Amino acid sequence: MTAAPGLTGRLAEFVRALRAHGIPAGPGETADAAAALEVLGLDDRELVREGLAAALVRRGGQRSVFDATFDLYFPSGIGVPELARENAPQDRDELRDALAAALAQGDEPALDQLAGIAVEMLGQYGIGSGPGGGYSAHQTLDRLQPQTLIARVLAAMRAPADDFTDRLTRDEIRRRVEDFRGKVRTEARRRAAELRGRSRIAQHAVAPAADRVDFLLASRSQLAELRRTIQPLSRKLATRLAARRKRASRGQIDLRRTLRRSLSTGGVPLRPAYRHRRPGRPEIVLLCDLSGSVAGFANFTMLLVQALRDQFSKIRVFGFVDSTDEVTHLVDTGAADPEQLGARMLSEAAVVRWDGHSDYGGALAQFTSRWLDAIGPRTSVLILGDARTNGGDPNLDAVRAIRARARHVHWLNPERTALWGTGDSAALDYAELVEMHECRTAQQLGVLVTRLLPA
Amino acid sequence: MGTGFFTSVEDVSAQLAKVGYLASTPVATTVFLADRLGKPLLVEGPAGVGKTALATAVAEVTGSRLVRLQCYEGIDEARALYEWNHAKQLLRITAGRDETWDEARTDIFGEEFLLRRPLLTAISGTEPTVLLIDETDKADVEIEGLLLEVLGDFQVTVPELGTITATQQPFAVLTSNATRELSEALRRRCLFLHIDFPDEDLEREIVRLKVPGIEDALADSVVRVIAALRAMDLRKLPSVAETVDWARTLLELGAGTLDERVVRDSLGVVLKHQDDIAKAGAGLKLDQVLDAS
């Protein structure tokens, strides 16, 4: 290896940081990455980025994590960006003018520069007053307010003729502004890393890949990104379920049919006949807590199960906060507009009666009294919720009644196992009756769905 | 090591452009690396972004033979690697000349009776070869084990003949639509490339290249509408192939510019689901504008 020792060290550090974020790059991959650097040289940063990605990234969806970490370990520069040292905008208004011009033209290099300048000018806090200072993307964006420039950029771009594509312009600018926000975040991370050390920032400030985001902590945009993964994920799960069914159906020999078949070959059983099990498609009932914090998790799971609908003979979905109602029809039609699903369920179904705090006891009682016949001996019941009863009665008898009728009952809890049973959580009481699984991320959910559903 | 087709990343872009494949920087870089490091290239991405086209384009510019293995559920060793020609072997035995069994046995397991399937063909040739393993995710898990030996060391073991090692290493491309997770072992042996939808500039170039005679203004509008559609939450996002189809359709229809009516009438070329079309109509505000007029 002719790469400089400093570079190999940096590469090894970089790979370690990637591993911490769930990109399992082994020594083999690291060696490949080093070979890639040797072939490509270090002249062009984008080539280095793509080369390393080819060697280290192993699947789609890991790329955002890779890029964010790459920007920390192989930064585009050190300190204040080049342009900022001369003829740069001097105050916030000039900066906004320059930004509006750059956005109107879609000038990428200029936007990169402006992001750097913005962080330098508006993003500093507490520097010079000892440790604890740094650069904040949030503060930068808060002071710069790039989203308020949209109307101005629109006016600057508006072509005289009123073309059809004009109405797309606003969305395009919005996307550019969103890109610019991303640039500011990258820049703030880079500057912070110079102050605090790369590995620390890499550990805390790089957002995890979408399928590893904690449901309970996911932001709006992360949930939106998660929803985009539903279709591919459901396709993958369907293949996995189908493959398992196929495997399960071979093996046992059907003696009667083998003998009958052997008559055509003079009594020699040349082609054994196997006993096929009818591919029984399970019925599934979802019972979901729809209250504030866990709603994101419940909605995601509903949409996923809905996307898997051809794997089940029947799906029924019930939601509750302090009162239970069937929401199957809403999930059906809601597939067209998943973002509004949560809001529509709260407004169109009778799931909230009093104050919008979840009441497990009451909701379960209502379910067992009105819809217990939805559960039969072929039904798998999935209960989704954090089991936080707000101090109310957990109503364990209702869970027992459900368990007695259903084929399987599983409880998916979006909280960490360590938190079960703390505070007002009745998780441990429920866990004694039905199997409870920790299900914090889309990745865990995917694994659970294939494992739990009967073949 | 390596196939040595290209001299630099720019060279890859320039050469591929000559045969009508416009490569983005990630694509060109990874192809160059695969060429230099002699590793197979695993290409993933949505349908219709040019995964298979990449392999055929590389074969065309380098003047290589293209060997293609189309994977499907239930593909096995006999279809992928090699098979003995039983009928011919039987004929040879019945036509038996006066020789001992030992002689006959060595004879019927000779090259003459071997049916080469794509993997063996790619390995055993002496000319430069591009091996395309298409839709790897459709094949069963068992076949991956087979691929490991072939792609790891570029060799194949036939029990009766011994191990056949490639004299001329093929440029291997695997494509996958990610319907099934490929095994970790297979992934580690490959360089990974995720081809996503191209950015607007590149897509505009592609449209101009594939649809000669299209006006710049129309190409520009088409690409912008497609970009807007991709930003929506649709069941099936339009891919490059659909962009090109649409541009071609519009040219056939003689549309000089895009307006609501043209878009609404031809949206079916781009979107393949009814609820997608409805949603796109709402997103592009097609109805609203029509009502107003």
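Predicted model: local features only at pLDDT ≥ 70, side-chain atom pairs only at ≥ 80, totals over all residues.
Chain B is divided into three parts, of which domain 1 comprises residues 9–78 together with 118–194, domain 2 spans 82–116, and domain 3 covers 200–283. The centres of domain 1 of chain B and domain 3 of chain B, taken over C-alpha atoms, are separated by 31 Å. Contact between these two domains involves 8 residues of domain 1 of chain B and 9 residues of domain 3 of chain B. On the side of domain 1 of chain B that touches domain 3 of chain B, 4 residues are nonpolar and 4 are polar, while no charged residue is found there.

Between the two chains, 34 residues of chain B are in contact with 30 residues of chain A. On the chain B side, the elements that give two or more residues are the helices α2 (25–37), α9 (184–188), α11 (216–230), α13 (260–270) and α14 (274–283), together with the strand β9 (191–194). The largest share of this side, amounting to 7 residues, is supplied by α2(B). In terms of residue class, the side of chain B that touches chain A holds 13 nonpolar, 7 polar and 14 charged residues.

In chain B, an open sheet of 5 strands is arranged in the order β2-β5-β8-β1-β9, with parallel pairing. Its edge strands are β2 (65–70) and β9 of chain B, each of which pairs on one side only, and the twist from one strand to the next averages 20°. Strand β1(B) is joined to β8 (residues 171–176) of chain B by 4 bridges in a parallel arrangement, and within this pairing Leu42(B) has Leu174(B) as its bridge partner. A parallel pairing through 4 bridges likewise links β1(B) to β9(B), where Val43(B) stands opposite Leu193(B). Strand β1 (residues 41–44) of chain B is covered on both faces, with Leu41(B) and Val43(B) buried on one side and Leu42(B) and Glu44(B) buried on the other. Further along the sheet, strand β5 (residues 129–134) of chain B pairs with β8(B) in the parallel sense over 4 bridges, and Leu131(B) has Ala172(B) as its bridge partner in β8(B).

Chain A contains an open sheet of 6 strands in the order β5-β4-β3-β6-β7-β8, for which the pairing is mixed. The edge strands in this case are β5 (324–326) and β8 (435–438) of chain A, each pairing on one side only, and the twist averages 20° from one strand to the next. Strand β4 (residues 314–320) of chain A pairs with β5(A) in the antiparallel sense over 3 bridges, and the bridge partner of Phe318(A) in β5(A) is Glu326(A).

Helix α14(A) lies across β3 (283–289), β4 and β6 (379–384) of chain A, and runs at about 165° to β3(A). This helix, formed by residues 295–307 of chain A, has 13 residues and reaches 18 Å from its first C-alpha to its last, which is close to the 18 Å expected at 1.5 Å a residue. Because 12 of the 13 residues of α14(A) are buried, the helix is largely enclosed by the rest of the structure. Among the buried residues of α14(A) are Phe297(A), Phe300(A), Met302(A), Leu303(A), Leu304(A) and Val305(A), as well as Asn299(A), Thr301(A) and Gln306(A).

Two residues of chain A were examined individually. Ser313(A) is placed in the loop between α14 and β4 of chain A, and it counts as exposed because it has 12 C-beta neighbours inside 10 Å. When residues up to four places away in sequence are not counted, Ser313(A) touches Arg281(A) and Glu283(A). Ser313(A) and Ile284(A), which are 29 residues apart in sequence, are 8.1 Å apart in space from C-alpha to C-alpha.

Phe367(A), by contrast, is buried, with 25 other C-beta atoms within 10 Å, and lies in helix α17 (residues 360–371) of chain A. With neighbours within four places in sequence left aside, Phe367(A) is in contact with Leu287(A), Phe318(A), Thr324(A) and Ala398(A). For Thr324(A), the C-alpha to C-alpha distance to Phe367(A) is 6.2 Å, although these residues are 43 residues apart in sequence. Phe318(A), one of the contacts of Phe367(A), is also the residue of β4(A) whose bridge partner in β5(A) is Glu326(A).

Note on methods
Residues numbered from 1 in each chain as written. Chains lettered and ligands numbered in written order. Domains from an automatic or database assignment. Contact = placed C-beta atoms within 7 Å. Nonpolar A, V, L, I, M, F, W, Y, C, P; charged D, E, K, R; others polar. Expected span 1.5 Å × (residues − 1). Buried ≥ 20, exposed ≤ 12 C-beta atoms within 10 Å, placed from the backbone. Pairing = 2+ DSSP bridges. Axes fitted to C-alpha atoms, helices over the stretch in contact; angles between N-to-C directions.
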